[in-house]
Amino acid sequence: MRVTDKDVSYVADLANLELTDDERSRMVRDLNSILDYVDRLRELNTDNVEPMAQVSDRYGVDRTRQGPERFDYASREDILYGLRKSLPHEEAMSNAPDPDENFFQVPKVIER
Amino acid sequence: MNFTSLTIDATRSAIQERKTTSMAMVESFYEKIEKEDGEIGAFLTLTRERAIEQADRIDRMAAKGKPLPPLGGVPVAIKDVMCTRGVRTTAGSKILGNFIPPYDCTAVARLEAAGAVILGKLNCDEFAMGSSNENSAFRPVHNPHDKTRVPGGSSGGSAAAVAADMAVAALGSDTGGSIRQPAAFCGVVGLMPTYGRVSRYGLIAFASSLDHIGPLARTVKDAAILLGTIAGRDPMDATSADVPVPDYVAEFEKPVPGIRIGVAKEYFGEGLDAEVKKAVEDAIQALAKLGCEVVPVSLPHSKYAIPAYYLVATAEASSNLARFDGVRYGYRAKSARTLSEMYRRSRDEGFGAEVKRRIMLGTYALSAGYYDAYYLKAQKVRTLLTRDFEEAFKKVDAIVTPTTPTAAFKLGEKVDDPLAMYLADIYTVTADLAGIPGISIPCGRTRENLPIGLQILGKHFDEATILRVANAYERAGVGS
């Protein structure tokens with residue numbers, strides 16, 4: 001078993017999840033089973049292989065150009081309302097679980 | 001006349017020629033949904049007001065004898081991972097149970113601008129994570145062909161709605177097979193375009209380097225029409241490609257003789273159901289008869305696709321889903337005393353089991369000490385998988401495979417075994433990783449009368465060729 005209870009607690013903490021005791025023990029089981037399967041990737045020698053983070057780096061770019069210029073078609077001028085106006089304040093707040101007139105309210109941030 | 005089973009062109013013509021009205025058409029679909037969706041569960045929200053408003057606009061055009069736009073009056077439905085202004089959009093999750101987006105997804109806006117009538121929002125696996133639609137926080141979807149079976153996922157509601165004539169067509173999203181796999185299970189056409197072909201603006205993100213929007217429809221032509229409508233550069237999505245969009249409908253009717261079809265042995269090995277295998281082999285024979293040249297190709301890294309996919313996809317998901325914190329929108333847990341407790345409880349109560357599992361796996365794969373071994377390794381394998389396709393496409397114009405290893409499985413059959421569920425996507429994840437387009441079309445039935453899907457994969461931005469092959473096969477009439 002590579003993933004232990006302790007690992008699950010640590011990762012849950014990073015992911016801002018709490019998880020119940022049942023969920024934790026199930027998570028230990030599931031993550032181990034998935035990672036065992038994923039282990040077959042180790043069979044492959046990838047020493048000289050570039051990682052591929054996204055498709056658009058390889059395709060759909062302007063291939064006549066080099067470097068970041070390949071993406072020039074996707075950039076715009078850095079100006080206010082470059083693509084569209086911002087949402088009206090009221091609309092931007094309309095889905096907030098706990099708004100007051102102007103702000104999103106949250107529980108206390110700093111504990112004393 | 002049964003108005004709910006028409007194609008896009010027939011629907012539009014019936015309204016244009018005043019054999020019916022867009023309003024009457026909308027009503028027949030809502031009646032059908034009312035009568036049949038209770039047992040299927042495809043719709044989460046009906047957008048009656050919006051549909052009636054659009055139908056009225058189309059009817060006024062038709063009454064004046066004006067030519068209707070390409071989708072004029074055509075009733076469609078949208079997977080609930082695409083934002084619709086003023087209409088609840090849940091992503092199949094409790095955490096977005098009351099979310100009302102302030103803007104429209106580009107693909108949805110383009111459909112409506114082309115005259116389509118949006119009937120409602122469709123059920124799906126939570127955040128599009130799943131292969132059976134059983135991960136919906138609201139209810140599972142049942143396969144219209146056999147209600148004890150799953151419709152596939154994550155676009156299960158989209159496939160079921162189209163199969164059951166509850167919409168002419170639907171939009172779905174595909175990150176690891178979520179358009180093609182349910183299309184195969186429900187016996188409809190499902191098209192995943194090239195990455196970047198269709199804007200992702202307004203699509204609730206699962207894994208941004210793998211997410212695609214695409215159509216599910218009853219015919220290849222309908223899928224081609226829909227793709228032509230939603231495709232093309234959108235300044236609101238920097239990854240949407242600046243590549244010209246051909247006229248797919250003109251392209252897809254071109255003859256197929258001479259087209260080279262690749263067949264990769266890696267897609268016919270262990271785990272492939274015998275009946276599915278036979279149906280796909282028959283389909284390849286049929287394509288050969290139509291004049292396609294069948295060429296063996298090799299995609300040697302295929303068996304590494306599922307492990308690479310589940311690392312890349314979950315890593316991206318763990319990052320994308322960090323935004324759900326109960327502050328600006330979405331579910332917030334009551335009674336939390338501190339900010340950090342509020343984050344945790346909101347996410348704990350708001351997310352379902354599979355979403356938490358993937359956030360955990362992705363966070364683990366990205367965490368210090370494991371990043372190189374898992375996430376970076378998977379990205380490198382992604383390069384190898386993509387090179388496999390690049391090599392193969394030097395020899396062929398399209399590659400034909402089964403869409404899924406089996407036909408639709410039973411509800412409940414795989415819910416307790418995440419790995420078994422992941423393997424349902426074994427033939428579809430490769431195209432998402434490489435960013436190439438793929439289509440699933442019906443290619444016969446099993447002895448239990450369940451649909452089987454044929455997958456056709458193409459080169460980057462060459463949807464036209466796979467539509468052409470799919471159309472030739474569909475026309476030959478051997479698959480339905």
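A residue is taken as buried if 20 or more other C-beta atoms lie within 10 Å of its own, as exposed if 12 or fewer do, and as partly exposed in between, with C-beta atoms placed from the backbone. Helices (H or I, at least four residues) and strands (E, at least two) are DSSP runs numbered from the N terminus. The model is predicted: local features need pLDDT of at least 70 and side-chain atom pairs count only at pLDDT 80 or more, whereas totals for chains, interfaces and linings use all residues. Residues are numbered from 1 along each chain as its sequence is written, and chains are lettered from A and ligands numbered from 1 in the order in which they are written.

Chain B contains 16 helices and 11 strands. Its radius of gyration, taken over C-alpha atoms, is 21 Å, close to the 23 Å that the globule rule (2.2 Å times the number of residues to the power 0.38) gives for 480 residues, so chain B is as compact as a globular protein of that length. The C-alpha trace of chain B spans about 65 × 55 × 45 Å along its principal axes. Of the 480 residues in chain B, 63% are buried. Two residues are in contact if their C-beta atoms, placed from the backbone, lie within 7 Å. Among contacts in chain B between residues at least 6 apart in sequence, 76% join residues at least 24 apart.

Chain A has three helices and zero strands, in the order α-α-α from the N terminus. The radius of gyration of chain A is 23 Å, while a compact globule of 112 residues would have one near 13 Å. The C-alpha trace of chain A spans about 55 × 55 × 25 Å along its principal axes, and buried residues make up 16% of the 112 residues in chain A.

In helix α4 of chain B (residues 106-113), seven of the eight residues are buried, namely B:Thr106, B:Ala107, B:Val108, B:Ala109, B:Arg110, B:Leu111 and B:Glu112. These residues pack against α3, β2 (75-79), β3 (117-122), β4, β6 (212-217) and α7 of chain B. Just after α4(B), B:Gly115 has a positive phi of about 100 degrees. In helix α1 of chain B (residues 8-16), the buried residues are B:Ile8, B:Thr11, B:Arg12, B:Ala14 and B:Ile15. They cover an arc of only 160 degrees around the axis, and therefore lie on the same side of α1(B); the arc is that of the directions from the helix axis to the C-beta atoms. An α-helix has 3.6 residues a turn, so residues three or four places apart point the same way. The cover over the buried residues of α1(B) includes α2 (22-40), α3 (48-63), β4 (169-174) and α7 (220-230) of chain B.

The contact between the chains takes 47 residues from chain A and 56 residues from chain B. On the side of chain B that touches chain A, at least two residues each come from α10 (305-320), α11 (339-350), α12 (353-366), α13 (371-395) and α14 (418-422). The largest share of this side, 10 residues, is supplied by α13(B). By class, the side of chain B that touches chain A has 30 nonpolar, 13 polar and 13 charged residues, where Ala, Val, Leu, Ile, Met, Phe, Trp, Tyr, Cys and Pro count as nonpolar, Asp, Glu, Lys and Arg as charged, and the others, Gly among them, as polar.

Within this contact, the axes of helix α2 of chain A (residues 21-38) and α10(B) come within 9 Å and cross at roughly 125 degrees. The two helices are therefore oblique: angles under 35 degrees count as roughly parallel, over 145 as roughly antiparallel, 65 to 115 as roughly perpendicular and the rest as oblique. Axes are lines fitted to C-alpha atoms, for helices over the stretch in contact, and angles run from 0 to 180 degrees between N-to-C directions. A:Ile34, A:Tyr37 and A:Val38 in α2(A) meet B:Pro307, B:Tyr310 and B:Leu311 in α10(B). The contact of α2(A) with α10(B) has six nonpolar, no polar and no charged residues.
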